[in-house]
Amino acid sequence: MKKAKWIGAASMSAVMLTTLLTACQSGTSTETKPSGAAPETAAGDGSFKEHMDISVSWWGIGVGFEKRDEVLQKIEKDFNVTFKPMDIGWDNYKEKSQVWAASGQLPDIITHSMTTDSPATYNEWVNQKLIRPLPDNLSQYPNVQQITKVEGVQGIARNGKLYALPRMTFPVSDMQSVWAVDRAIFVRKDWMEKLGIQDPKNFNEFKDMLKAFTEKDPDGNGKNDTTGIVMNTLGYFKSVFVPTFPEFGNRGWLKEDGKWIPFFASKKMDEVVTQARSLYAERALDPDFAVQKAGEANQKFYQNKAGAFAFKVDGVTGATGVKAEWEKNNPGKNFYDFVKIIHLWPDAGGTVYRNVNTPWWSETMINADVDDKKLDRILRIYDWLLSPQGKELFDYGIAGKDFTKDGDKITVTREKDPSGQYIDLKKKYPSMDIISQMAFWRNASVIEDSPANRAAFGDSTVQFIQNELKWQMTNAKPIPTAFELFTMSSKAKDKLSTINFDDDFIKVILGKDDPVKMWHDTLKGYDSKGLQQAITEVTAEMAKLNK
């Protein structure tokens, strides 16, 4: 899981495509080689003479690659490789990778989240020579090279070398601003109208609205069967507290009383835990939030059992998106006639903040046993994955089958489902859900105002997203964020990754004792994990940067 100035989704796409296309056109350079061996083919040649098996780990890759669909076959043919999937799950990928490392069975392409989630482990893998560094000169792979120049990436270099290629969340041309629509509070506007509720202007009005959804029978069925707010995951719910404490929204570090501290050590947490407890105690928050798995609570919103839903703006897209699921449960009704996004209220100083976060989440690492020739092949594949040609495949499918192109004009020709919508490419080609994200999360693709999105999601959905994007960029400022601290590594700071903040936060919400006292007791426990030493180390490092 970036930063920049938004000009509009269409402009972003144009800038990104122009930048990448220019980079691709320079890809015929032969001034460098991966690590000593000459590359087996000139960039762009397309003639990869030696067939290679490349093992790769990814979440759910076993199922995604099982059918070996046409997209997977095309890429394997183009690069003369066979991908050997090594499956990982969201609940076990860290442990599984450690087992592979200990037994010498790491895949060639390693998918992990060390650089963002566990830098101490990343340092260990570098020191143990489990992963190999990227070439110093990446000019033969211009799109890969562009990623390594993003602000903050050099913070994960060790001994002057990069041992990981970050998986960017949004395009480098406008990554910071696109974060603005990665959080949203959907609300039933018909329930608000029925109960005479206006858009909340502060936290108490927000809580009162949620309580009314719980207590005042907004669906009119005479039953006590509705709740206030549900969430896709706790991370989306945290945006509720951004007006109270902006840095809480992206788990950043901030300077307080002359020291740089992680968000959870801030004095502002007292008000956050107090507000969070009040939402739960006063039945404004779904009472089951702590025991539900990611996505389970969504159904309460779809099935008219919850009045508000914490997720993200582009959650309305797709065959299983918020809009489709809501309309499935409410046949004959238009989602946009009944649901809207409510905006966060200003903080005490009158500023409305919008979401912004780290440039990337997770990364690709290369097994130290990979030789120079295979490294070259992997980097060429990644360079293509990051190219305009790769983007075109992931946006439109296979040329001549799913779309036609006449100059710059693209016409979507792929099949439609019974409802008249173009079928989801990721359903038609299951491997695409994996391949399209191996090098870059591509979260921005579904918020672009493009022919592909208008064909796939409809004009109303694209406009809904564009309207929200424009509102955020016009009316809100990004959360104050010290981005260099997301990649800074120190002995004590690295150990803080063992802290499970979410679990501790939930315990305070569910607790019976005073929430502020409970949180202060939790912080004392963090001190035993090196919190104060981490603060000392980070403050000293930031002082070197005159911050």
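Asparagine 304 is buried, at a relative accessible area of 17% (buried is under 20%, exposed over 50%, partly exposed in between, with a 1.4 Å probe and protein chains only). All this comes from a predicted model, where local features need pLDDT of at least 70, side-chain atom pairs count only at pLDDT 80 or more, and totals for chains, interfaces and linings use all residues. Residues are numbered from 1 along each chain as its sequence is written, and side-chain values use heavy atoms, leaving out hydrogens and water.

Back to asparagine 304: its phi is positive, about 65 degrees, even though the residue is not a glycine. Most residues other than glycine have a negative phi. You'll find asparagine 304 in the loop between helix H13 (298-302) and strand S9 (306-311); helices (H or I, at least four residues) and strands (E, at least two) are DSSP runs, numbered from the N terminus. Serine 362, also not a glycine, has a positive phi of about 80 degrees. Serine 362 sits in strand S12 (residues 360-366) and is buried, with a relative accessible area of 0%.

Now look at helix H24 (residues 501-510) and helix H25 (residues 515-527), whose axes come within 9 Å and cross at roughly 155 degrees. Axes here are lines fitted to C-alpha atoms, for helices over the stretch in contact, with angles from 0 to 180 degrees between N-to-C directions. H24 and H25 are therefore roughly antiparallel (over 145 degrees; under 35 is roughly parallel, 65 to 115 roughly perpendicular, the rest oblique). On the H24 side, Phe501, Asp504, Phe505, Lys507 and Val508 meet Pro515, Met518, Trp519, Thr522 and Tyr526 of H25, with contact meaning heavy atoms within 4.5 Å.

On to the rings. Rings of Phe, Tyr and Trp (its six-membered ring) pair if their centres lie within 6.5 Å; planes under 30 degrees apart are stacked, over 60 edge-to-face, and the rest tilted. That rule gives 44 aromatic pairs. One of them is tryptophan 59 with tryptophan 441, stacked at 6.1 Å centre to centre with 25 degrees between the planes. This pair links distant parts of the chain, 382 residues apart. Tryptophan 59 is buried at 6% relative accessibility, and tryptophan 441 is buried at 10%.

Tryptophan 326 and phenylalanine 335 have ring centres 5.9 Å apart and planes at 75 degrees, so this pair is edge-to-face. Tryptophan 326 is buried at 0% relative accessibility, and phenylalanine 335 is buried at 0% too. Ring pairs also link Trp326 and Phe335 into a cluster whose members include Phe186, Tyr236 and Phe464.
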